[in-house]
Number of protein chains: 2
Amino acid sequence: MNLKQLSDILGLSPTTVSRALNGYPEVSEETRQRVLAAARAHNYRPSARAKALATGRSMAIGHVMPISSQHEMMNPVFADFVAGAAEVYAREGYEMLLSLVRDDDEERSYRELAARGSVDGIIVHAPRRGERRIRLLHELGLPFVVHGRASDERADYNWVDVNNRRAFRRATRFLLDLGHRRIALVNGIETMDFAIRRRAGYLEALAEAGVPADPRLMRADEMTEVYGHDSAREMLALEAPPTAFLVSSMITAIGVRRAAEEVGLRLGRDVSIVTHDDDLSYFRNGGDEPIFTATRSSVRDAGRIAAEVLIGVIRNPGAAPVHRMLEAELIVGQSTGPAPAG
Amino acid sequence: MNLKQLSDILGLSPTTVSRALNGYPEVSEETRQRVLAAARAHNYRPSARAKALATGRSMAIGHVMPISSQHEMMNPVFADFVAGAAEVYAREGYEMLLSLVRDDDEERSYRELAARGSVDGIIVHAPRRGERRIRLLHELGLPFVVHGRASDERADYNWVDVNNRRAFRRATRFLLDLGHRRIALVNGIETMDFAIRRRAGYLEALAEAGVPADPRLMRADEMTEVYGHDSAREMLALEAPPTAFLVSSMITAIGVRRAAEEVGLRLGRDVSIVTHDDDLSYFRNGGDEPIFTATRSSVRDAGRIAAEVLIGVIRNPGAAPVHRMLEAELIVGQSTGPAPAG
DNA sequence: ATGAAAGCGCTAACAG
DNA sequence: CTGTTAGCGCTTTCAT
């Protein structure tokens, strides 16, 4: 069933039917009702392709996720972010195009997306140090919102980000206040912007407290369970082991906890673990009884907000760049809880 | 840059340029080379929308993920599956459309996808008991492949599935062979097809060994860490607690482990945990030293295979339904390892 | 081997 | 308030 057929049935021109369906005011209310009823009755849906071609808007938004050629890790955070964004798209009539691109042909992929015109805008995921996509997208003239930021990009652009620096500064301070002096940082890969900011926050807090940073207590890698376990085991074997761990992801913190238990340390007594809780649906830190002390922010909310910002930008291309900073809260867990001073 | 402009530059008709670009044989080799060179030089990309409208094929595949109106959980497995599928799509020139639909307007969503013509085929995720999407998609005539199966659907259809029943039967047998007689099943929600099959495998193995199934040792819920923890705590408090746990997901198994440790049980001695390892990139069970004993299958492979099957179906609509059964292997972990008999 | 013309299904001036 | 016409960018007969 297409427009022409529907309009034939109604004895109207395709134009009038189109206008009625799209809510144009210059259609009599009676006609509109007739059209709406007929459309429903015949289960009519406009062809997305034809509509896109005619209007120049594809009503689709692209989510481009870099898959590193070296690290093939699929970010678990991605699923929840996308779920948040999808809510908004469903409400606003957008489709979501997912594109996983290897970073070695990243530029080609973005150029292609733009030239093929399959999306009206893009959400940029996982910005890294030396990020080149921002300039590229500006050049291509494709509206975009970055989830996170690119520290060394001086141009202005739309972003939605969690205040990672402040969150980690606060978490570090929390541990310092408890008396800890040897605090390990088990971070994500430090080419990722968020990891850079987290380390900055950690270092700031240490500096403020006059505690020197010890390179042996700082790790950065892909945030797997095994990584948490192995690096914790190594650090705990130092002559002066850490008394607390600040860990960039919940799953990695679980590995750290396993390592601590293996060497006979009791959580919340011999060692403290503080992590960041992305508040994922499948693995929430818990409300009543958090597993870990953690800084917490909702990835799903970030997805929702990013989608809303992007749609706003698409509708109003002239507007000034939008920046949305989400603050993380600190929640103190029971089982891993605040450890007594070093 | 569009076809017309490119053909003007070349002094050829759009027709010829189109033919050259799409590899039609009736173009002179010389012309083809000229066209190809010019296209590259001007960074020409055909408009996906125009092409779709003209050909009737959108070159896009839809992934439809149900979001339960009650349980808002975003399956962590989804991300890896999609990553596998994306590899194939990139290779074959398809785009990926992601659609998260609430189950209360599921039918509407599928009808819309079909009528709008935005996809050439669909991957159906998370089939459940009483699955209605299969009949619907058959009715709509949209090619599809189900990731998993629908136990109570008698019509034939394309599917790619892990042999969940056999995997859990094998895992249960493994525990029985070690001497365990009170084996708890911490399953996923048993409206999900995979959970139904896993329980079937578990019950089969018990029956074969003449061990009666105890309803108090069988749980089913969304597979979070907290669920694993809480249900394990409850079961461990029974007058006759389980000596082993068979857990449907790694993240839930972590919760079970936490519970066991809280009550002072030592893993691989006082209690055994066997789980299913979906072999996700961010949380692999480990090769050399698996954290848990587990049945293991690669979700990413499943995604790849499902995508390949679907593309085959789209290209060859007449063919007989394809069924691809993936077998899980049993890997014996060290830390949780084989526990001594009851 | 190349081109002209029609058409995919819709929207958007422009008329009336 | 409704209809006519052109056109979005491509593919695909049908001629030549």
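**Exercise 1. Determine which rotation superposes chain A on chain B, and how the two copies are related.**

Solution. In this predicted model, local features require pLDDT of at least 70 and side-chain atom pairs count only at pLDDT 80 or more, whereas totals for chains, interfaces and linings use all residues. Residues are numbered from 1 along each chain as its sequence is written, and chains are lettered from A and ligands numbered from 1 in the order in which they are written.

Step 1. Superpose the copies by least squares on the C-alpha atoms of residues with pLDDT of at least 70 in both. A rotation of 180° with 0.1 Å of shift along its axis brings chain A onto chain B, with an RMSD of 0.2 Å.

Step 2. The two copies are therefore related as by a two-fold rotation axis.

Step 3. Within chain A, the C-alpha nearest this axis belongs to Leu97(A), 2.3 Å from it.

**Exercise 2. State how many residues of chain A are in contact with chain B, and which element of chain A gives the most to that side.**

Solution. Step 1. Contact requires C-beta atoms, placed from the backbone, within 7 Å. On this criterion, 41 residues of chain A are in contact with 41 residues of chain B.

Step 1. H5(A) gives the most, with 7 residues; helix H6 (106-116) of chain A is among the elements that supply at least two.

Step 2. The copies meet through the same surface, because 100% of the interface residues of chain A are also interface residues in chain B.

Step 3. Strands pair if DSSP finds at least two bridges between them. S2(A) and strand S2 (residues 95-102) of chain B pair in the antiparallel sense over 3 bridges, and Leu97(A) stands opposite Leu97(B).

**Exercise 3. Give the strand order of the open sheet of 6 strands in chain B and identify its edge strands.**

Solution. Step 1. The order is S7-S6-S8-S9-S10-S12, with mixed pairing.

Step 1. Strand S7 (218-220) and strand S12 (329-331) of chain B are the edges, each pairing on one side only.

Step 2. Strand S10 (residues 293-296) of chain B pairs with S12(B) in the antiparallel sense over 3 bridges; there, Ile331(B) is the bridge partner of Ala294(B).

**Exercise 4. Find which element gives the most to the surface near DNA strand D.**

Solution. Step 1. A residue is near the strand if its C-beta atom, placed from the backbone, lies within 6 Å of it. Of the 25 residues around DNA strand D, those that come nearest include Asn2(B) and Ser18(B).

Step 1. H4(B) gives the most, with 5 residues.

Terms used: Helix = DSSP H or I, 4+ residues; strand = E, 2+ residues; numbered from the N terminus. Contact = placed C-beta atoms within 7 Å.
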